[in-house]
Amino acid sequence: MAEIERIVILTGAGISAESGIDTFRAAGGLWEQHRIEDVATPEGFARDPRLVLGFYDMRRAALAQVEPNPAHAALARLERDFAGELLLVTQNVNDLHERGGSARVLHMHGELKSALCTACGTRSRWEVPMIDRPPCPVCHAPMLRPDVVWFGEMPYEMGRIYRALETCDLFVSIGTSGAVYPAAGFVQEARVNGARTLELNLEPSEGSRLFHETRLGPASALVPEWVDEVLSSAGG
Ligand code: BV8
């Protein structure tokens, strides 16, 4: 593997699957139990805030029952031991990367453990239910919503992500179906800018043909194996 100095990693729900968190599109997954339009759009929230707040309260509470898996731990080891530049972007709103030891995680779709006040715009760390409309810690208005990016909303830190995609040597996609944009377009951005592109996934994704290499299998096996490869070739 040519000298790798700058890596961008994108993770999706598949990296959390072996920790026991439902993915979105597997049979019985999150979107099977709810219509996307009802629970992951601003319109759905405006129509029925209690349904949406309850959906996110349930997912936030479920985090206490799950643990990071070897894939999360391997990415934390990479962050610690890789001498080059690493940007870990996740589509996931759970905190498993952080609990697995990663210190720098870019949550492009927001986080379950963050609250956004629609009155004053403050984002606060949040651990408890929102369904009873608790007051914003700053302006005290009962106007909190989950600090997650819904369909039709702009993901966070896109400028920073595209700048990293312009200069990276390697783009690695882990556990994502490639069904949702703009994340699904990152592989193309990286490839156009000359990066090698690698996909680690349980099954072929919608974007598999865009990757130089796809490895199929569970993240808990593929990710530690890949991290070993990178660290041994980079002399890390
Ligand atoms: C935007 C947060 C514009 C909330 C999420 C038509 C064409 C193209 C685009 C569009 C279109 N119509 C609308 C759009 C835009 C839309 C979109 O892409 N829609 C799709 C459905 C077509 N996108 C948006 O709206 C985005 N915003 O475009 O803004 C804009 C422009 C200017 C100004 C303002 C706005 C915002 C999208 C973000 C939505 N929020 N999540 C929450 O979590 O509740 S999306 C949610 O689903 C996730 O965050 C993730 O991003 C996405 C996809 O999920 P995955 O992570 O890929 O999970 P999935 O279940 O799909 O797949 C799991 C994979 O893992 C599988 O491949 C499986 O094989 C694999 N796997 C399973 N087990 C394992 C495994 N792999 C390894 N190991 C295992 N053990």
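Contact here means heavy atoms within 4.5 Å. Helices (H or I, at least four residues) and strands (E, at least two) are DSSP runs, numbered from the N terminus. The model is predicted, with local features requiring pLDDT of at least 70 and side-chain atom pairs pLDDT 80 or more, while totals for chains, interfaces and linings use all residues. Residues are numbered from 1 along each chain as its sequence is written, and side-chain values use heavy atoms, without hydrogens or water.

The description begins with two helices. In α6 (residues 70-81), Pro70, Ala71, Ala74, Leu75, Arg77, Leu78 and Asp81 meet residues of α10 that include Ala219, Val223, Trp226, Val227 and Leu231. Helix α10 spans residues 219-233, and its axis lies 7 Å from that of α6, at an angle of about 15°; axes are lines fitted to C-alpha atoms, for helices over the stretch in contact, and angles run from 0 to 180 degrees between N-to-C directions. The two helices are therefore roughly parallel, a class for angles under 35 degrees, as against over 145 for roughly antiparallel, 65 to 115 for roughly perpendicular and oblique for the rest.

The aromatic rings come next. A pair of aromatic rings is described by the distance of the centres and the angle of the planes. Rings of Phe, Tyr and Trp (its six-membered ring) pair if their centres lie within 6.5 Å; planes under 30 degrees apart count as stacked, over 60 as edge-to-face and the rest as tilted. Five such pairs are found across the whole structure. Phe45 and Trp150 form a tilted pair, because their planes stand at 40°, with the centres 5.3 Å apart. Phe45 belongs to helix α4 (residues 42-47), whereas Trp150 lies 105 residues away in the loop between β6 (144-148) and α8 (158-167). Phe45 is buried at 13% relative accessible area, and Trp150 is buried at 3%; buried means under 20%, exposed over 50% and partly exposed in between (1.4 Å probe, protein chains only).

A further pair joins Tyr162 and Phe186, whose planes meet at 80° with the centres 5.8 Å apart, so the geometry is edge-to-face. Because Tyr162 is in α8 and Phe186 in α9 (residues 186-192), this pair ties together parts 24 residues apart in sequence. Tyr162 is partly exposed, at 26%, while Phe186 is buried, at 0%.
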